Structures are given as C-alpha cells and as structure tokens.
Amino acid sequence: MSTPNQTEAGPGFENRTLRERVFEHLRDGILSNRLAPGTELHEVALAASLGVSRGPLREALGRLAAEGLVTVTPRRGAVVRKLTRREFVEAYQVREALESLAVRLAVPQLDEADRGELRRLHDDMVGHARDGDAQAFFDDNRRFHEIFVERSGNERLQRMHAQLIDQMGRLMSKSQELRGGLEQSVAEHGAILEAVDAGDAERAARLLEEHIEVPQRVLDSADGADLFDDQPIPLDHHKRED
C-alpha cells in the first residue's frame, strides 16, 4: 500500500522529504532570480510541472510568504515579491556591519596562503570583468568576501553572514546596475587587497565599507530612480535627529 507521501511524490523528489524539497526548489528559484519578481506562481500549473499534489505546494507557498519572498492574494494567488529600495538598503547595511567586523578580526589571522588566494581571486575578477562574465565575477567576488568571514573565527558572525548572503542572491543583478559595471568593483577590491597585504585591518575595513556603500549611494541619486518600484529613501532613514 502506498504511503501518503508516495502518492504525492513526482519525479525528481524523494518521498520522505517531499514538502521540504518543494519549498527549497521554489525558494532557490526565487533567490537565484530564475523566478523573477512579479512572476505569478499558479498552483495548478506548478503542481503539474513538479509532479506533486497541491497540498505540499500550498505549504511551500505559505512558508515563502512568511519569509517575505512571495505575496499571496485572493484572486492572483502567489506572486514573487518585487524588490524595494528599503529592502536593498537594509540588506546592504547589515552586510556592511558584518563584513567590516569580519575584516578587522580576520586580517591579523591571515597567512600567506590566504593572501595568495585573495590575490588569485582578484586576478580572476579582473579577467571576468574584461570578458564581461558577470556570473563568474560574482562567484569569485563572493568567495573573496567569504575568506574574511571564515578567517574571522567568529562562528555566530559566519552563520548570520551565510544566511544573509543566501537571501541577497536575487539582489546581485541590481547591484551591478547600481555600480555601473564590474570595473569599478575590481578597483575597489584591489584597494582592499593592498591594505590587507600591508596588514592594515582598519584601512581594509574602511575600504570594504565604502565598497558596500556604493549601491546605497546610487539608490539615492537620479541614476537609481527607475530601478525600483517604491520611492527613494534617505540613506540615514534609520537615524533620528536629537
């Protein structure tokens, strides 16, 4: 006799983890931008394409809504949420705080192998920028930043950073638009690397903060006016006058 999971499962999904796999499949699609903001997630069509019943699909959509990745409305069903300026700025503010701390902690701990890996990644980013290979550039860029987080020795920081970067995957194409291309990012990474090689943790951290602030500054300018649906917000919106 078939178990309930067996009757619901379709090709490509293990029966015992069906609900979790449906959720992860859709979540990965949203975070990687394969399911772009504004995409309507129709239950009937999705259930058929995944080979599952609507029960686990509805559960997955509910979890995605709880994470703020989709919006569920009575007539339209689930729709992938569009990015807002506030979400973009807040994500980068948290990233800036975490990574600047990571750099300050990591630089005194880096050995020659670590610095060699950073130099190799920077050289690769130079080549990817020249070739216009944005995906390869962002892969190496992510690894460049991860080295500081890993060498920070702070496990809580590492967990928080991994979760944030996972959620920020869908922001990467926006980040490139706001930076105006890959060449500027290459130069900024090069300056950070020079400070690291000099053993100057404070300078490296300040340069990294400036690097992460670039998209935030553009958001508040005319160049970023048409990239998001909501209205611009001041970069110091979290501060209040005394």
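Residues are numbered from 1 along each chain as its sequence is written, and side-chain values rest on heavy atoms, with hydrogens and water left out. Because the model is predicted, local features need pLDDT of at least 70 and side-chain atom pairs count only at pLDDT 80 or more, whereas totals for chains, interfaces and linings use all residues.

**View 1. The open sheet of 3 strands has the order β1-β3-β2**. The pairing is antiparallel (strands are DSSP runs of E with at least two residues, and helices runs of H or I with at least four, both numbered from the N terminus; two strands pair if DSSP finds at least two bridges between them). β1 (40-41) and β2 (70-73) stand at the edges with a single partner strand each, so one side of each has no neighbour in the sheet. Between β1 and β3 (residues 77-80) there are 2 bridges, and Leu41 has Ala78 in β3 as its bridge partner.

**View 2. Helix α3 (residues 43-50) packs against helix α4 (residues 54-66)**. Their axes lie 10 Å apart at an angle of about 115° (axes are lines fitted to C-alpha atoms, for helices over the stretch in contact, and angles run from 0 to 180 degrees between N-to-C directions). The contact, meaning heavy atoms within 4.5 Å, is made by Glu43, Val44, Leu46 and Ala47 of α3 and by Arg54, Leu57, Arg58 and Leu61 of α4. By class, this contact has 5 nonpolar, no polar and 3 charged residues (Ala, Val, Leu, Ile, Met, Phe, Trp, Tyr, Cys and Pro count as nonpolar, Asp, Glu, Lys and Arg as charged, and the others, Gly among them, as polar).

**View 3. The axes of α5 and α8 cross at roughly 145°**. These axes come within 10 Å. Ala91, Val94, Arg95, Leu98, Glu99, Leu101 and Ala102 in α5 meet Leu157, Met160, His161, Leu164 and Ile165 in α8, and this contact has 9 nonpolar, 1 polar and 2 charged residues.

**View 4. The second largest pocket holds about 290 Å³ of space**. A pocket is an open set of points on a 1 Å grid over the protein atoms alone, where a 1.4 Å probe fits, with protein on both sides within 12 Å along at least five of seven lines, and lining residues have an atom within 4 Å of a point; grid points are joined across faces, edges and corners, and the volume is the space filled by probe spheres set on the points. Of its 14 lining residues, the closest to the centre are Glu67, Leu69, Glu87, Gln167 and Arg170. α5 (85-106) and α8 (155-167) are the elements that give two or more residues to the lining, with α5 giving the largest share, 4 residues. By class, the lining has 7 nonpolar, 2 polar and 5 charged residues.
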